[in-house]
Structure formats: C-alpha cells, structure tokens
Amino acid sequence: MNVKTTNLRRLFWGVLLLGAALMTGCATGPSANPRDPLEPFNRGVFKFNDAVDRALLKPAATVYVELAPSAIRQGIGNFFANLEDVWSFVNNGLQLKGRAASDSLARVLVNTSLGIGGLFDVASDLNIDKHSKDFGLTLGYWGVAPGPYLVLPIFGPSTVRDGLARAVDSKGDIAGNVADVPTRNSLSLVRVVDLRAGLLKATAMLDEIALDRYTFTRDSYLQSRRSAIYDGNPPEDGDSEKPLDYIEEAKP
C-alpha cells in the first residue's frame with residue numbers, strides 16, 4: 001500500500017510539473033514577468049492554497065497558539081529544526097562547504113544528546129551556527145537555473161527546479177519517512193500546524209500592507225532563495241543566479 005501511494009504521489013508531481021512546463025510557452029505575453037510566465041496558472045493555485053489556509057490551517061494554528069504554552073511550542077519547533085539539520089548537513093556537504101557541514105553535524109549531535117532529542121537548542125547557546133540547506137539550494141549552488149516560478153498545491157511558492165528537488169528532499173525528511181504510519185502522520189500534522197503558527201504574525205502583516213499578496217509572496221520567495229544560494233550575500237547584478245561565478249570569486 002505504501003509503495004502504491006508513493007508511486008501515485010510521484011505521478012501527481014510529475015504530471016503537475018510537466019503541465020507547468022508545457023504551459024510556459026502559452027502563458028507568456030508582452031506584460032508577463034519573465035520569472036513568472038505561468039502567472040495565470042500560479043494565481044489559480046495561489047487562490048486554492050489561500051482558501052485551504054483560511055478554512056483549515058490558519059484556524060488550527062490559531063487554536064494551537066492559544067492552547068499550547070510557548071515553551072511547548074518552542075520545544076516542538078526545536079525538535080523539527082534538529083531533524084532538518086541532518087538534511088542540511090548532507091546538502092552542505094554536497095556543496096563542499098566544510099565549515100557549514102561541520103556546524104550542521106555538531107548541532108545535531110549536541111541538540112540530540114544535550115538538548116534531549118532536540119527539544120532544546122543547546123547548539124545555538126554554544127554559538128554553533130545554523131546553515132539551513134535543501135536540495136533545491138544545492139542544485140542552484142552548482143548552477144542549475146531556477147526555471148519559472150511555480151506555485152504548488154498546498155506546498156506553496158516554488159520554482160520548477162525547487163519543485164523537482166522536493167522529490168530528493170522527501171528522501172532526507174526523517175519525520176516523513178517514519179515506518180509507522182500513524183506516527184508519521186501525526187508528526188506531519190504537528191509540523192504543519194507548528195510551521196503555520198510561526199507565520200501567523202507575518203501573514204497578518206502581509207494582509208495589511210500588500211496590495212497584491214500574490215506578487216509580494218512571489219518576489220519575496222525568489223529573493224530569499226537567491227540570497228540563500230549565496231549564503232546571504234548575493235551579487236548586485238540583477239536577478240540572475242550565477243553561483244559558479246560566485247564560487248570562483250570566493251576562492252582564495
């Protein structure tokens with residue numbers, strides 16, 4: 001049953017991304033944003049995601065914040081952040097960033113042992129830096145272009161590159177690969193609600209200041225991903241990603 005579910009999931013994402021790629025040629029126009037040729041499609045998915053969020057995720061996150069003490073919520077966030085550091089260690093290694101990989105591994109070892117399974121972020125107290133990386137950022141670091149901006153159902157902002165990279169990221173998701181199905185589903189549910197709870201203030205502010213929430217979300221996502229590829233120091237040469245040039249410049 002698990003194998004069939006996995007195959008169906010892969011088929012779904014494959015069809016989605018293929019359809020998005022095919023739409024690239026027909027959704028362009030004189031006024032189209034060159035980074036977002038799929039805007040009509042993306043706006044439709046954005047509206048769907050927003051409806052799901054307002055009906056389910058936001059109410060659940062609001063109740064979670066009201067009922068769960070801040071210390072509990074902090075511990076849950078730390079727990080999942082610790083699991084993510086494992087995958088960050090792998091991706092920093094793939095990017096040949098020895099210091100960042102060492103820090104990520106040290107964070108996992110310290111927080112898992114001294115932080116009681118990651119419930120406490122002891123590593124940050126010890127000034128061990130966090131270097132969050134995923135496979136989409138790894139591909140970008142090695143020169144793979146992001147491709148068109150793409151809004152995924154439920155998952156939200158992405159690009160064709162980052163969307164495809166999710167298939168690899170899913171393999172490095174410890175919580176998402178727990179063998180026991182009820183436990184895995186429970187972990188996934190708690191993580192989603194906890195993540196949404198952390199965005200309540202940001203989305204409330206976005207509702208107040210953004211004339212076009214879609215455009216604001218798109219531009220913020222693309223800018224933050226580009227910045228992450230360059231470790232927070234992107235070159236001031238437009239919107240293109242040139243990580244290989246950056247690597248050459250960074251060599252001693």
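Hi everyone, let me begin with Phe80, which is buried at a relative accessible area of 5% (buried is under 20%, exposed over 50%, partly exposed in between, with a 1.4 Å probe and protein chains only). This is a predicted model, where local features need pLDDT of at least 70, side-chain atom pairs count only at pLDDT 80 or more, and totals for chains, interfaces and linings use all residues. Residues are numbered from 1 along each chain as its sequence is written, and side-chain values use heavy atoms, leaving out hydrogens and water.

Now the rings. There are five aromatic pairs here (ring centres of Phe, Tyr and Trp, with its six-membered ring, within 6.5 Å; planes under 30 degrees apart are stacked, over 60 edge-to-face, the rest tilted). Take Phe46 and Tyr214: their centres are 5.6 Å apart and their planes at 85 degrees, so this pair is edge-to-face. Phe46 sits in helix α2 (residues 39–67) and Tyr214 in helix α10 (residues 213–229), so the pair ties together parts 168 residues apart in sequence (helices are DSSP runs of H or I, at least four residues, numbered from the N terminus). Phe46 is buried at 18%, and Tyr214 is buried at 1%.

Back to Phe80: its ring and that of Phe79 have centres 5.2 Å apart and planes at 75 degrees, so they are edge-to-face too. Phe79 is partly exposed, at 26%.

Methods:
Helices (H or I, at least four residues) and strands (E, at least two) are DSSP runs, numbered from the N terminus.
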